[in-house]
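Dear colleague,

Please find the structure below, handed over for your study. The notes after it set out what was found.

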Amino acid sequence: MWILIVVLVGFVHVAFAAVYLYLTWYHKYWTKRGLVTAKPLTLLGSYPGLFGGGSSFIADLGTIYNKYKGKHRAVGTFLTREPQILVLDPQLAHEVLVTNFGDYRDTLTSSYVTHSQDYDKYAARNPFFSAGDEWKKRRTDGGAGLTPNKLRQAYAIWEQTGLKLMDYMKRSIEERSTNVIETRDLSYRYTAQAMGDFIWGIDAGSLSGGVNEVSQFQRFSYDWVSRAFSGITRFNRTPIAPVVKRLFRMRFFTQESNEFYLKLTREAAKLRQSGSGAERNDYLSHLLQLQEKGASYDDMVGHALTVLMDGFETSAAVLYHFLYTLGEYQEEQEKLRTEILDALAGDKNISYEQLNALPYLDQCMHESMRLTSVIGFLTKICTKRTTINLGDGKILNVEPGITVTIPAYNLHHDEANFPEPEKFKPERFDNGAASEYTKRGCLLAFGDGPRICLGMRVGLLNVKMAVLRILAEYRVEQTKKLSIGSDSGLGIYLNGDVDLRYTKV
Ligand code: HEM
């Protein structure tokens, strides 16, 4: 009996020792190479919040950033057991994204679909999840439908969606007998309507339907995109045992959503080819041009979902954070309204060029995105052996495959980059200063370099049109303060219902 107990205890010790060794095997990786390592490390690496326990990946990122910033250009971290580099110096962020882009061409997300190219085929076709030459081709093909010229031709879609938004708000206020509107829902309604129209030429029914009725397109798209973004957290845990990705056939998009959007794309294409809406210049017309050059339906759906993902979700998130912030900063809101009303004086219309050229609107938008960064960090992968100058004569060798994380949210909230970082101060970006901040690596709301946001112009157009129409008619006020928390995917989000009061001006 005693022998059995001794053997069992011995076995348990050996098993624990093996697990411990496995989890901490690389934890000396950076010390050996002369890079300061973020401590304390746990068995789960530098980001235990990935596994819950009251913290989150983004919160852990902030803790490390605040501890080491100003002292080092970069610090070694571990995503579970995988060695990574966390950038602390904005200039180094610029080097990784722009100057030395050739050494960091891929993103961590592109490594998350290498095992699932056949069944997660639409995620794999999104440049955000693509690597190497495939990335370049997809970016070029998809981006050709989002040029300023293409958007100018499709601009009527946003003009009409802006007016539908006004109509929906009016009906909502009248039918519900309150001028408080939950603005997260409102923003998703607006972007669903705009993207349904732009990508497939359909009426998504999210603004044109009944008040509070949720259309099938809106509900489906919301479920699809929430699952896809939360997938990033699920995948970030996998370095602990990479085999689980294959074992559980992990994926971002479900089979059901693949079928839904394939059917939608086929039907929309057939309708257009039959002559309906033939005069329209929208993303569907771009997809049909790609088809003539040999693109398959799968390629078309891949491009369509690339636009939907951020045209619907990220744009809506930026919009409701922006309106919430304006709801607090009344003076800035009033100044913005004056600019908008001046621009709309006359026939109440505004051209694509004029909308983009409103200086204060642009400043407010950048400042809002700095303040509430819905994409809180960027992750690049070293694709060619390279070096990082750590200062004080120290040079770090970086091997291919190493991930470099750029903590955009923390750079945006560092008072070394932005004095009084928690305040909304659009004048920071007077005289086009936003691009200067981006060049210095401090402002990365859209990223930078060859992998800068592919849909930046669509995102700006989505949000600016909605803010323009809303502010021209309503004063926006907060009804309660909301806390900020990290979502389950990429960013920092407002918690709870975004109930804002809209009073006719
Ligand atoms: C205001 C809304 C938006 C914000 C704040 C935003 C932000 C970003 C950021 C920060 C990145 C860089 C990610 C990285 O470097 O890892 C990015 C990349 C990307 N965005 Fe956006 N985005 C927005 C709207 C859009 C829209 C409307 C589209 C679709 C047309 C889009 C498509 C993409 C794609 C495909 C990438 C990956 C680019 C690549 O790796 O080459 N985004 N976005």
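Two residues are said here to touch, or to be in contact, when heavy atoms of each lie within 4.5 Å. The model is predicted, so local features need pLDDT of at least 70 and side-chain atom pairs count only at pLDDT 80 or more, while totals for chains, interfaces and linings use all residues. Residues are numbered from 1 along each chain as its sequence is written, and side-chain values use heavy atoms, with hydrogens and water left out.

I begin with R337. Leaving out residues up to four places away in sequence, R337 touches L471, Y474, R475, V476 and V505. R337 belongs to helix 15 (residues 330-344); helices (H or I, at least four residues) and strands (E, at least two) are DSSP runs, numbered from the N terminus. R337 counts as buried because its relative accessibility is 2%. Buried means under 20% relative accessible area, exposed over 50%, and partly exposed in between, with a 1.4 Å probe and protein chains only.

Which protein atom is the donor to the iron atom? The single donor from the protein is SG of C453, 2.3 Å away. Donors are N, O and S atoms within 2.8 Å of the metal (3.2 Å for Na, K and Ca); water is not among the atoms, so sites may look incomplete. C453 is found in the loop between helix 19 (433-439) and helix 20 (456-473).

The interior may be described through its nonpolar cores. A nonpolar core is a set of buried Ala, Val, Leu, Ile, Met, Phe, Trp, Tyr and Cys residues joined through side-chain atoms within 4.5 Å. The largest has 150 residues, and W158, F198, Y261 and Y502 have the most contacts inside it. Helix 14 (residues 297-328) gives the most to this core, namely 18 residues. A second, separate core has seven residues, among them F418, A433, A434 and Y437.

Helix 14 also meets helix 20: their axes come within 9 Å and cross at roughly 40°. Axes are lines fitted to C-alpha atoms, for helices over the stretch in contact, and angles run from 0 to 180 degrees between N-to-C directions. Residues making the contact include G311 and S315 of helix 14, and G459 and N462 of helix 20.

Two sheets remain. Strands pair if DSSP finds at least two bridges between them. Three strands form an open antiparallel sheet in the order 4-12-9. Its edge strands are strand 4 (180-182) and strand 9 (474-478), each pairing on one side only. Strand 4 and strand 12 (residues 499-504) are joined antiparallel over three bridges, and V180 has R501 as its bridge partner in strand 12. Helix 14 packs on this sheet, touching strand 9 and strand 12, with its direction at about 85° to that of strand 9.

The other open sheet has five strands in the order 1-2-8-5-3, with mixed pairing. T403 lies in strand 8 (residues 403-406) and counts as buried because its relative accessibility is 0%.
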